[in-house]
Amino acid sequence: RADGGTIVLGVYFTIVNAGLEELFWRVFLHRELADLSCGAVCCAAPRAPTTWVNEDTSTLDERPAHTNLDSEDTSTLDERRQKMLNGEHPKMLVSTYYALYHVVIFLFFVPWYLAIFATGGLVMFGRLMVYVRENDRFGLVTAFGFHAGLDACCCLVLLQMYSGFMPRLVR
């Protein structure tokens, strides 16, 4: 039988853990990784003016410091940040980190080969939750509901494993 502490822990895990993880993984970290990626990839710090030799006239040309020699991208920092947020790279990176964060927990309960399988499944679940959070029809509350439902299922399975609170239907 489950005692009061076990039930409180299950409710806490289902509600608080789901809320904190959704806010951290799907909102905060997703935006931080997009900002980091944007800063490293597409929003490099302005360079000092470079002097170029114009081959046609052998005169010196000076290009502005913000010139990006590798691309013709003239978008603003906010536009590039939004483009990076909408890209697949930060979404899959956050989903992979989310799954890897849970590997130790999986290894505690199941053999290593099932933990690898569960981690792959959690990467896909994490990516689905990013989609749900960003979709106008669903949003963060729906992602929280999915996450809380999955956590509640995990709590029920663990409760059954360790206390046998439900009688077996087939013997």
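Helix α3 (residues 88-101) packs against helix α5 (residues 112-134) in this predicted model. Their axes lie 8 Å apart and form an angle of about 135°. Two packed helices are described by the angle between their axes and the distance between the axes. Here axes are lines fitted to C-alpha atoms, for helices over the stretch in contact, and angles run from 0 to 180 degrees between N-to-C directions. The value makes α3 oblique to α5. Angles under 35 degrees count as roughly parallel, over 145 as roughly antiparallel, 65 to 115 as roughly perpendicular and the rest as oblique.

The crossing of α3 and α5 is right-handed. A crossing is right-handed if the near helix is turned clockwise from the far one by less than a right angle, and left-handed if anticlockwise. From α3, the contact (heavy atoms within 4.5 Å) uses E88, K91, M92, S95, T96, Y98, A99 and L100. From α5 come T119, L122, V123, M124, F125, G126, R127, V130 and E134. By class, the α3 and α5 contact residues are nine nonpolar, four polar and four charged. Ala, Val, Leu, Ile, Met, Phe, Trp, Tyr, Cys and Pro count as nonpolar, Asp, Glu, Lys and Arg as charged, and the others, Gly among them, as polar.

Next comes the packing of α5 with α6. Their axes are 7 Å apart, at an angle of about 150°. The two helices are therefore roughly antiparallel to each other. The crossing of α5 and α6 is right-handed. On the α5 side, F125, M129, V132 and R133 take part. They meet L140, T142, A143, F146, H147 and L150 in α6. This contact divides into seven nonpolar residues, two polar and one charged.

H102 sits in the loop between α3 and α4 (103-109). Its relative accessibility is 11%, so H102 counts as buried. Buried means under 20% relative accessible area, exposed over 50%, and partly exposed in between (1.4 Å probe, protein chains only). Leaving aside residues up to four places away in sequence, H102 touches E21 and L122. L122 also belongs to the α5 side of the contact with α3.

M166 lies in the segment after α6 (140-163). M166 is partly exposed, at 48% relative accessible area. Its C-alpha atom is 9.6 Å from that of L156, 10 residues away along the chain.

Now the whole chain. The protein has six helices and two strands, in the sequence pattern α-β-β-α-α-α-α-α. Helices (H or I, at least four residues) and strands (E, at least two) are DSSP runs, numbered from the N terminus. Of the 171 residues, 27% are buried. Among contacts between residues at least 6 apart in sequence, 63% join residues at least 24 apart. The protein exposes about 12,000 Å², and carbon and sulfur atoms supply 66% of that area.

Residues are numbered from 1 along each chain as its sequence is written. Local features need pLDDT of at least 70, side-chain atom pairs count only at pLDDT 80 or more, totals for chains, interfaces and linings use all residues, and side-chain values use heavy atoms, without hydrogens and water.

Technical notes: Areas by Shrake-Rupley, 256 points an atom, 1.4 Å probe, with all protein chains shown as cover.
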